[in-house]
Amino acid sequence: MRAIVREGPVGRKELASATGVTFTTITKTVTELIELGALTEAAPLTPRGAGRPVVPLDVPDKQRLVVGAHLHPESTSCGAFTLRGERIAWRTAPASGRDQHERIEEAARLIDDVVTEAGAAAVLGVGVTTPWAEVHHAQPPPLVADVDRDELRDRLRERLRLPVRVEPNVRALALEHYWWDGAGDDVLTVLVGRSIRVAQLRGGELVGDGPDAGGLVSHLVVPGSEYPCDCGQIGCVKATCTDDALLRRAVEAGLLPAGALQRDLYPDEDTEPLRQLRTARAQDLGRVIPLIISLVAPAETTIHGRLGTPEEISTCVDAIRVRHRELVGRDASVRYYESRSFNWAHASAALALDRYLASPLEHETDRASRQTG
């Protein structure tokens, strides 16, 4: 199933070759998956030479869907997608909940609406992310969107009667790239935002498991940084490189008013002092990210987050490459990921897809029992 989703329609022999599984086992398993409706057969391809026509195997188009949702501080977004990432249904609503319980309830209602619109019988599972800021000694103050993940997961499972996976947003990003963007199977993903998080795919599998495996590196020390952190150290990533730290410095310098938001760091009418602040942050990232890369040694590193202008992004990526070569004596494959069509609900749905593909037969059996129960 993983090979078919990643590589497109393939015949049984090609599937046996790609997976290393015997043709007999492939034939037996494929027959079971077709009977369950998890696989379909496309029109046979005419062979180039002698032999039987190849019958490509593929995942169903709209009979199997995954749902993704994201709780942003200002809104909730949710979408239903095919197993190849094509959007089938989509809804978004302003955040109106005044506390965590109300926010979870409004998110549950929105997700329920999308599941109903897409067809509950087709939905295999739900993936959910939130901004996932790190709150340490109440600094910065938690947002309503920073809901308790266990309460969120339990409420959604109770309401939807579907498998629900709640994970840090960086892990959703890593899976989205792997399943739907054709990324390699050994990639380190670094997300720069209200916190700095990392996720690694090795051999096509996420390293670590569960919501606590979000790769929070907030208290790794940035070489040369003198910013004090509320944990007691000097120069932590949290106090030096996060959007919250950048915003705090901008307000303290009088560049932004008290009460400004992270998005105000990137105004349409930019100013030179803000650009200098962002460039300094880009250089700080360029000093600390190579330390992470040198520890996990990925084949490729992808940087995400709103870092500023193209020049500021280049400053960050170039600094990472230079510092990595100084540390380990070889070049690092690093790129900044930018997609104008990106949305968090799409990435969140990849969590549900990954969970399904880990045990498709079990999911299909559970799905059948829900429909008859």
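User: Which residues does glycine 127 touch, not counting residues up to four places away in sequence?

Analyst: Glycine 127 touches Val67, Gly68, Ala69, Arg165, Ser348, Leu351 and Ala352 once residues up to four places away in sequence are set aside, where a contact means heavy atoms within 4.5 Å. This is a predicted model, in which local features need pLDDT of at least 70 and side-chain atom pairs count only at pLDDT 80 or more, while totals for chains, interfaces and linings use all residues. Residues are numbered from 1 along each chain as its sequence is written, and side-chain values use heavy atoms, with hydrogens and water left out.

User: Why does glycine 127 count as buried, and where is glycine 127 found?

Analyst: Buried means under 20% relative accessible area, exposed means over 50%, and partly exposed lies in between, with a 1.4 Å probe and protein chains only. Glycine 127 has 0% relative accessibility and therefore counts as buried. Glycine 127 is found in strand E6, residues 123-129; strands (E, at least two residues) and helices (H or I, at least four) are DSSP runs numbered from the N terminus. Glycine 127 and valine 334 are 207 residues apart in sequence, and their C-alpha atoms are 28 Å apart in space.

User: What makes histidine 324 count as buried, and which residues does histidine 324 touch?

Analyst: Histidine 324 is at 4% relative accessibility, so the label buried applies. Histidine 324 lies in helix H10, residues 310-328. Leaving out residues up to four places away in sequence, histidine 324 touches Pro290, Ile293, Ser294, Gly329, Arg330, Asp331 and Ala332.

User: Is tyrosine 266 buried or exposed, and where does tyrosine 266 lie?

Analyst: With a relative accessible area of 9%, tyrosine 266 is buried, although tyrosine 266 lies in a loop, between helix H8 (243-252) and H9. Tyrosine 266 touches Asp243, Leu246, Arg278, Arg281, Arg306, Leu307 and Gly308, not counting residues up to four places away in sequence.

User: How do you know whether arginine 161 is buried or exposed, and what is the phi of arginine 161?

Analyst: The relative accessible area of arginine 161 is 62%, which means that arginine 161 is exposed. Arginine 161 is placed in the loop between helix H5 (149-160) and strand E7 (164-166), and its phi is near 60 degrees, a positive value in a residue other than glycine. Most residues other than glycine have a negative phi. Alanine 297 also has a positive phi, of about 50 degrees, although it is not a glycine; alanine 297 is in the loop between helix H9 (272-296) and strand E11 (300-304), and at 41% relative accessibility counts as partly exposed.

User: What makes a set of residues a nonpolar core, and which members of the largest one touch the most other members?

Analyst: A nonpolar core is a set of buried Ala, Val, Leu, Ile, Met, Phe, Trp, Tyr and Cys residues joined through side-chain atoms within 4.5 Å. In the largest core, of 39 residues, Met1, Leu15, Val66, Trp179 and Leu353 touch the most other members. Among the elements that give two or more residues to this core are helix H1 (2-7), helix H6 (169-180) and helix H11 (344-358), and H11 supplies the largest share, nine residues. A second, separate core of 26 residues includes Leu71, Leu110, Ala122 and Leu156.

User: How do you know whether the radius of gyration agrees with a compact globule?

Analyst: The radius is taken over C-alpha atoms, and the globule rule is 2.2 Å times the number of residues to the power 0.38. For 373 residues, a compact globule would have a radius near 21 Å, and the protein has 23 Å, which agrees. The C-alpha trace spans about 70 × 50 × 35 Å along its principal axes, and 49% of the 373 residues count as buried.
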